[in-house]
Amino acid sequence: MRFYVFIASVFCCAFADSRKIRGISSSYKRFYRERKSFLCIDGSKLIPFEQVNDDYCDCEDGSDEPGTSACPRGRFYCTNLGFRPHYIPSSRVNDGICDCCDASDEYNSHIRCQKTCWNLGQRERAYVEGQMRTLDEGLRLKQQLIEEGVLLWREKQAQLRELQQKAEDLHLKVEEHKKRKHQADQHKEQTLKTLQAGGAGSRQHNNTASGLFQFLDNNKDGSITVDEVQARVVTIHDEKRLLSENEAVALLGGGRQMDLTMFRHTLWDTLTKGDNVKIRDTNAALDSPVVEDPLLMAADRAAKWEATNLKKVEEAYETVNMEISDLQQKLAIDYGTDWEFLFLNSQCYKLQVYEYTYTLCPFNQVTQENTAGTQVSLGTWGMWAGEPKNQYSQMVYENGEPCWQGGSRTATVTLTCGTETALRSVKEPSKCQYIMDFQTPVACQPVLKQRGIHSEL
Amino acid sequence: MASFTERMAFVLVMALCLSGALAVDRGNFKTCDQSAFCKRQRALKPGESPYRALLETMELTNTRLTLQLINDNNKVRLLLELYRLQGNITRVKINELKPLKPRFEVPDVLVREPPTEPLSLLSQDENGVVLSLGAESQRVIVSARPFRLDIMEGRDVLMSLNSRGLLAFEHLRMRKDTSQADSEAEKKEEVDPANPAEQTTKDEDDKDEDGMWEETFKSHTDGKPNGPSAISLDFSLPGVEHVYGIPEHAETLRLKTTDNGDPYRLYNLDVFQYELFNPMALYGAVPVMLAHNSQRTTGIFWLNAAETWVDISSNTAGKTVFGKMLDYVQGSSETPQTDVRWISESGIIDVFIMLGPTPKDVFSQYASLTGTQSFPPLSSLAYHQCRWNYNDQEDVKLVDAGFDEHDIPYDFIWLDIEHTDGKRYFTWDPHKFATPKEMLQGIMDKKRKMVAIVDPHIKVDSNYKIHNEIRSRGFYIKNKDGGDYEGWCWPGSAGYPDFTCADMRSWWASMFAYDQYGGSMENLYTWNDMNEPSVFNGPEVTMHKDAMHGAWEHRDVHNLYGFYVQMATAEGLIQRSGGVERPFVLTRAFFAGSQRYGAVWTGDNAAEWDHLKISIPMCLSLGLVGISFCGADVGGFFKSPSSELLVRWYQTGAYQPFFRAHAHLDTPRREPWLFGPENTALIREAVRQRYTLLPYWYLQFYQAHCTGQPVMRPLWVEYPQDPATFAIDDEFLIGTDLLVHPVTEEGARGVTAYLPGKNEVWFDVNTFQKHNGAQNLYIPVTMSSIPVFQRGGSIIPRKLRVRRSSTCMEHDPYTLFVALNPQRTAEGELYIDDGHTFNYEKKEFIHRKLFFANNILSSINLAPDAKFSTQSWIERVIILGASKPSKVTLQTADGQESQLEFEFDSSMSVLTLRKPGMNAGEDWKVMLQ
């Protein structure tokens, strides 16, 4: 019922002022009521009403010719029943090109325009529905990604904490190993010193049991051990041969160590009176104490061992620190209010355009590769560069490979709403300035109001 | 997309040995001293000429005089031919009497064998002869010893030839191969008294000099199998202090003297980043010079297509204004005189002396020889959007949509070399331009057009049809050993079709047929670039002079190559439409006569203020020698313009004949809407002004086509007696009625324009303010200012409904701008046809005279035998400098009368007649009472 009324009103109005109404939206109708005269909308001039839409421009603001091309600043309203109404510049009225889908702009030209509003409207509605579906689906996916993003963010934070803990532990270890290495180094140095002093010392102290004992007691702990024996005592027959552990134990009277009192009564005699073993000829030993001296070799080995250990721990510490700073750097990037863009980090998206393959690794870099496999950097992550209203709608990657005429390549990535995450297009409108269209659900924004397609006046 | 082309560009730069800096590398181009013949010829100093006229050999027929000249130094005889041509032109031809082999005479440039007028002998004695040049008491005096020619009118000498004794003619000779053989031959000749003395062609003159038989420049050797062949002649111009023309040079309008530097050079060259204000050769060459003083304008047309140098000297050059005044007061000094000397490498002396006496006469005289400007399609006078390159079809679509979105009109979008499949012209990149017809249809739906580039270098590639055809038909230029000449250009190794060959040209033309040129449509037009020809690895970036065009060396025909390329291309565009549609072809290289085939532009300029400034004298100089359809790349090709420079360039370009924005591949995008809304609005306004004036531009081109008058004119052409105009080249006239002084200074707050004409008035076209003529007027300017004035006494039709393209405006009504002179009269013309076909030749047009006198404005048919109907009507008449009428009556063709509404602005004295409504093609009268 409402529909009929509406049709009737259209007809009635169209009849009443069919000429004058051309090119006016209903909200402007009040300015064009049929009277004796017409006041230009800007108030600048009063003209007879017959001069409205008479194909001559009287008003500065073009308001007297809404339906013709006469005014340079005029505009024509396409009613476009069934589709979106919109204004076109007056210059497009009767220019032989169909602009309004209701064909209203070409009422006096050679061209016959198809009325396409219903089709366009349907297509538009289908499109908008599709868009809405995409948007809904996109927003749903986005929500998921936000949830995942939060989890991922937490995970990353946990990972960071873990790493930081690990780093702390490693730090302690490093300190400990530094100490140990220091000790080992000192011991080694001491051994070397003793050894160097020992050449003279051995003869000096060989005369008394306590002197010899002290000489043999390399680490000055008050007892002689197996390795100390091995270090300084050799068989008379073969001075070059190292005593075996069993032999050393035998010399120590079957034990693994021996004190001075015991020494006076056993080994001292064996060494001074026997013809089986003797103190290594220290003169010969002095020539290359480090290589030859088993005690020194042991100390050296120990020092090296500690050094290696320290290095290993330090490396581990460094690695963890690097991981931390990497992660911190990553986490310092703005991933959106809900960390919804976080999942893009560590992903890469490819697109082939003509002879080039483009790779976008969000928050990292953009590259271009030709068919021959040569890769060119188009920029590394710079910043978000969308409008203040939605800064997450655009990314900039900068400082790519330098250009021939100066400057370096940059890539501007526009993010649009879609149900899949993918690189959609790449263009190079000016040399070295790349523009990419990147589709992803996280770019979907809830829309408060959809621009409607009116199906009535 | 970047890396490959960039690397290519880099390779090219290396190939050209260019610094990549922002100025030309002069080392790539010869100075006169490095050009052997120029050096030889310039070494000759003024003095007594060795040439003597043998009066006894004189033959005078109805149409010509012939006479032998002899060089007393070497006894070589020359044949002088002298013709009196219709329209006050004298032609002087000098060739060897018996050349060893024929010398090249330039074909195809003259539109026909020029019709002659009878010469008559006035007197003769042993010193010379006096001939009458028909009317106006003009005589030519042939002096015998030494030979010289003086052209007189009354008691005044208008021009003298060989008055400084610089006639030189290097006769063809056999090469004296080895010194032994040489001396033997000499001995033989010496001991052979039977040899007729005059045939013994040897003297000190004949001594071999360096560079006569071989010349090396950089790594290039020019083998010269024909030996020396240069020619030279001097012209004296008494009373002349201003000479113009001989384009193309990046030079002021008024030519400078060359005593302290190189002569002006005419040799078509692809000059990378050319410098301003110097005599170096550029892309085109028109060997025509105009000489002007307040009494007379004359012209010299030196018809020779070989490398040519022109020396200019003057006895007043260097004198200060005060010095000249002193001379004048003391009444002492000699009359001012300019001396000109032409030197060419080969060919013959064939010179046309155009005797004016007015500038318009000289233009008509030159047009009678080489033809007039082709009548372009109306749309080609509108705005062109170009860039190297629009990347793909999508890009084209977006740019097209951008113009609509920002409501800026345009008619043509252009595609540079990247649109092709690997720089194979006549093809399309299979990915980026996969469906060219779809793209062209999209443009056609908006009533717009496209231009795609077709260069004359052809990729050597056996899978390329064009190459295979040219090769199999033997159409390539040959190298000196007889093989196909190959050079390096955009596609890499390339062959160069021999466009001097008529068969080649007609084959080339046939390649533009829709079934040959795949993807082409009727709204696709052509651009010929690199047709100097450009050869990246050749001497001076062009072709080796010893390359062969059939029997002739490239040396002989070099400056003609680009002329022929455009000729063949234009012919192709005509043929593809069955002879119906007018072609549009842009060329970079050109020669005398190129005006017949389309438009030219000033090549690869730069985004600098000085380049903007020089666009005016460069196009003015071209207009003076017949080439009216001239423009410079708006915005500058190299480098990136500031938004101020870009806006100023649009404002200037909107008032120059060929209006195209163009940009180098490596520059950032610069479509008009990329510089903020304010600049977009300024550019939009400039382009819209162009579109409103299209009826006037079209009329100017119709007139240029009919009469040969330039469209864009120096002020002195219209005010030849006002010396203040003689050197002005920062402002110009369009036709006779619009004076333009564009703003070409950075940060300008005002310009000073000279408004010529003692009894004239000029109306500012924006404010309608009236100014008196013969004054320097200071005009304050803002960024939106384009100082343009309409001459009082003129009527200019405009179409004020600016639409998307000129074609969309076809049926729109006119507004007539009637600017009254102090006598309260005005006149103008209106020309209407279909805008794109040759049907105007079948008298399908409207041509009306609009005339205002005695308070009556009337439209009178100038072509009663022509037929055309238009829907366009007169929507408005604006009369500037009017007084208020009490009543305005319109009388239409059928005698009906009606009252017109009007408005009168008394502050500016502007009367606006509201909607008279008569059809633009009919008779009518409007009476003010």
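Mentor: What follows goes through the salt bridges, then the aromatic pairs, and then the charges over rings.

This is a predicted model, in which local features need pLDDT of at least 70 and side-chain atom pairs count only at pLDDT 80 or more, while totals for chains, interfaces and linings use all residues. Residues are numbered from 1 along each chain as its sequence is written, chains are lettered from A and ligands numbered from 1 in the order in which they are written, and side-chain values use heavy atoms, with hydrogens and water left out.

Over all chains, a search of the whole structure finds 74 salt bridges, a salt bridge being a side-chain nitrogen of Lys or Arg within 4 Å of a carboxyl oxygen of Asp or Glu. In one of them, the side chains of B:Arg265 and B:Glu540 meet at 2.7 Å, N to O. B:Arg265 belongs to strand 16 (residues 264-266) of chain B and B:Glu540 to the loop between strand 28 (524-528) and strand 29 (548-549) of chain B, so this contact ties together parts that are 275 residues apart in sequence; helices (H or I, at least four residues) and strands (E, at least two) are DSSP runs, numbered from the N terminus. B:Arg265 is buried at a relative accessible area of 2%, and B:Glu540 is buried at 4%, where buried means under 20% relative accessible area, exposed over 50% and partly exposed in between, with a 1.4 Å probe and protein chains only.

Another salt bridge joins B:Glu345 and B:Lys545, at 2.9 Å from N to O. B:Glu345 lies in the loop between strand 20 (337-344) and strand 21 (349-354) of chain B, and B:Lys545 in the loop between strand 28 and strand 29 of chain B, so the two tie together parts that are 200 residues apart in sequence. B:Glu345 and B:Lys545 are both buried. These residues belong to a network of salt bridges whose members include B:Arg265, B:Glu540, B:Glu345 and B:Lys545, together with B:Asp222 and B:Glu307.

A further salt bridge, 3.8 Å from N to O, is formed by B:Arg505 and B:Asp108. This pair links distant parts of the chain, 397 residues apart, with B:Arg505 in helix 9 (residues 502-510) of chain B and B:Asp108 in the loop between strand 4 (89-96) and strand 5 (116-117) of chain B. B:Arg505 is buried, at 11% relative accessible area, whereas B:Asp108 is partly exposed, at 34%.

Turning to the rings, the structure holds 68 aromatic pairs over all chains; rings of Phe, Tyr and Trp (its six-membered ring) pair if their centres lie within 6.5 Å, and planes under 30 degrees apart count as stacked, over 60 as edge-to-face and the rest as tilted. In chain A, A:Phe38 and A:Phe49 form an edge-to-face pair, 6.4 Å centre to centre with 75 degrees between the planes, and both A:Phe38 and A:Phe49 are buried. The centres of B:Phe426 and B:Trp508 are 5.2 Å apart and their planes at 75 degrees, so this pair is edge-to-face. B:Phe426 and B:Trp508 are likewise buried. One aromatic cluster includes B:Trp527, B:Phe412, B:Trp414 and B:Tyr525 among its members.

Finally, the charged end of B:Arg660 sits over the ring of B:Trp527, 4.6 Å from its centre, which counts when NZ of Lys or CZ of Arg is within 6 Å of the ring centre and within 35 degrees of the ring normal. The charged end of B:Arg91 sits over the ring of B:Tyr83, at 5.8 Å from the centre.
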